[in-house]
Amino acid sequence: YNVVSGNTGGNYGGSVNVGSGTGNLPEATSIAFISTDATSLSFLRIPGGSPAEDKGDPNSPISIDIDEDPRPSNQNFDIGADEIGGCYARLNGNPPTYGSVQVVINKSASPNDVVHVAGICAGVSLFTDGSQPVYQTIMLTKSLTIRGGYTKDNWSTFDPIANPTILDALSLGRVAYITNSARITLTGLHLRYGNATPGGGLTPGGGAVFVGRGSLTMTKNIV
């Protein structure tokens, strides 16, 4: 899980090459740091869209980045010291704050749970529904509520107008996929750029929300 680039005489040599190890990005990849000046406040930070985004070790034990933002954010850990943030989620509004909605969904143990979300949560991840691979921002297999309209500093005031909360699939798959007889409520969210075609599965359609096996209640959302 490394990016090595821009070295004179090649990035690798001898018995080591780009194929050595696991999760290394191609030699031609440039991580495009915002700054490599150690005196800059942007030192070693990476911009959105960096090839290092969501390409880190999925089993990393690191829970915060160089700025003390939660890790992972969005769909997976980023490579390097910086995590591209902007996505925040809590279970029932209680700490800790996570950087991934899916992580909090996975931690839910009660159908009365409410996943509080703030900011912009982007990208898709691969899951399997039966034997079918599907790609979506959030995979919902258990009954719960997902509620936007918060900020990372205020988890008690629900205001989806003042605090727009965005789930963005980036046209890489669906936004929300519901299966396993889950009873889901979505409220106070913007569901953006869902695309059912790369989302996969046996049944077409449902770029924003796909209900395979389950039920859905939606209030105060923008789709």
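These legends describe close-up views of one predicted protein model.

Residue numbers start from 1 along each chain as its sequence is written, and side-chain values use heavy atoms, leaving out hydrogens and water. In this predicted model, local features need pLDDT of at least 70, side-chain atom pairs count only at pLDDT 80 or more, and totals for chains, interfaces and linings use all residues.

**View 1. The whole chain.**
The protein chain has 2 helices and 12 strands. Here helices (H or I, at least four residues) and strands (E, at least two) are DSSP runs, numbered from the N terminus. In order from the N terminus, the elements run β-β-α-β-β-β-β-β-β-β-β-α-β-β. The radius of gyration is 19 Å, close to the 17 Å of the globule rule for 223 residues, so the chain is as compact as a globular protein of that length. That radius is taken over C-alpha atoms, and the rule is 2.2 Å times the number of residues to the power 0.38. The C-alpha trace spans about 60 × 40 × 30 Å along its principal axes.

**View 2. Surface and contacts of the chain.**
Of the 223 residues, 41% are buried. Buried means under 20% relative accessible area, exposed over 50%, and partly exposed in between, with a 1.4 Å probe and protein chains only. The accessible surface comes to about 11000 Å², and carbon and sulfur atoms hold 52% of that area. Areas come from the Shrake-Rupley method with a 1.4 Å probe; for residues, only the protein chains shown count as cover. Among contacts with a separation of 6 or more, 58% link residues 24 or more positions apart. A contact means heavy atoms within 4.5 Å.

**View 3. The largest pocket.**
About 190 Å³ of space lies in this pocket. Its lining consists of Gly49, Ser50, Glu53, Asp54, Lys55, Gln75, Ala122, Gly123, Val124, Leu170 and Leu172. By class, the lining holds 4 nonpolar, 4 polar and 3 charged residues. Ala, Val, Leu, Ile, Met, Phe, Trp, Tyr, Cys and Pro count as nonpolar; Asp, Glu, Lys and Arg count as charged; the others, Gly among them, count as polar. On a 1 Å grid over the protein atoms alone, a pocket is an open set of points with protein on both sides within 12 Å along at least five of seven lines, whereas a cavity is a set where a 1.4 Å probe fits but cannot get out. Lining residues have an atom within 4 Å of a point. Grid points are joined across faces, edges and corners, and a volume is the space filled by probe spheres set on the points.

**View 4. The largest cavity.**
The structure holds 1 cavity of 30 Å³ or more. The largest cavity has a volume of about 40 Å³. Asn74, Gln75, Cys87, Ser100, Val101, Gln102, Cys121, Thr137 and Ile138 line this cavity. Helix α1 (101–107) and strand β5 (132–140) each supply at least two of the lining residues. The lining divides into 4 nonpolar, 5 polar and no charged residues.

**View 5. Two cis peptide bonds.**
Arg71 and Pro72 are joined by a cis peptide bond, with omega about -5°. Pro72 sits in the segment before β1 (87–91). The bond from Pro95 to Pro96 is also cis, with omega near 10°. Pro96 belongs to strand β2 (residues 94–98).

Asn92 is not a glycine, yet its phi is positive, about 60°. This residue lies in the loop between β1 and β2. Asn92 counts as partly exposed because its relative accessibility is 32%. Ser171, likewise not a glycine, has a positive phi of about 65°. Ser171 lies in the loop between β7 (166–168) and β8 (174–178). At 36% relative accessibility, Ser171 is partly exposed.

**View 6. Gly86 and its contacts.**
Gly86 lies in the segment before β1. A relative accessible area of 26% makes Gly86 partly exposed. Beyond neighbours within four places in sequence, Gly86 contacts Ser73, Ala118, Gly119 and Ile120. From C-alpha to C-alpha, Gly86 and Gly48 are 10 Å apart in space and 38 residues apart in sequence.

**View 7. Ser63 and its contacts.**
Ser63 also falls in the segment before β1. Ser63 is partly exposed, at 49% relative accessible area. Not counting residues up to four places away in sequence, Ser63 touches Asp69, Pro70 and Arg71. Ser63 and Leu144 are 81 residues apart in sequence and 25 Å apart in space, C-alpha to C-alpha.
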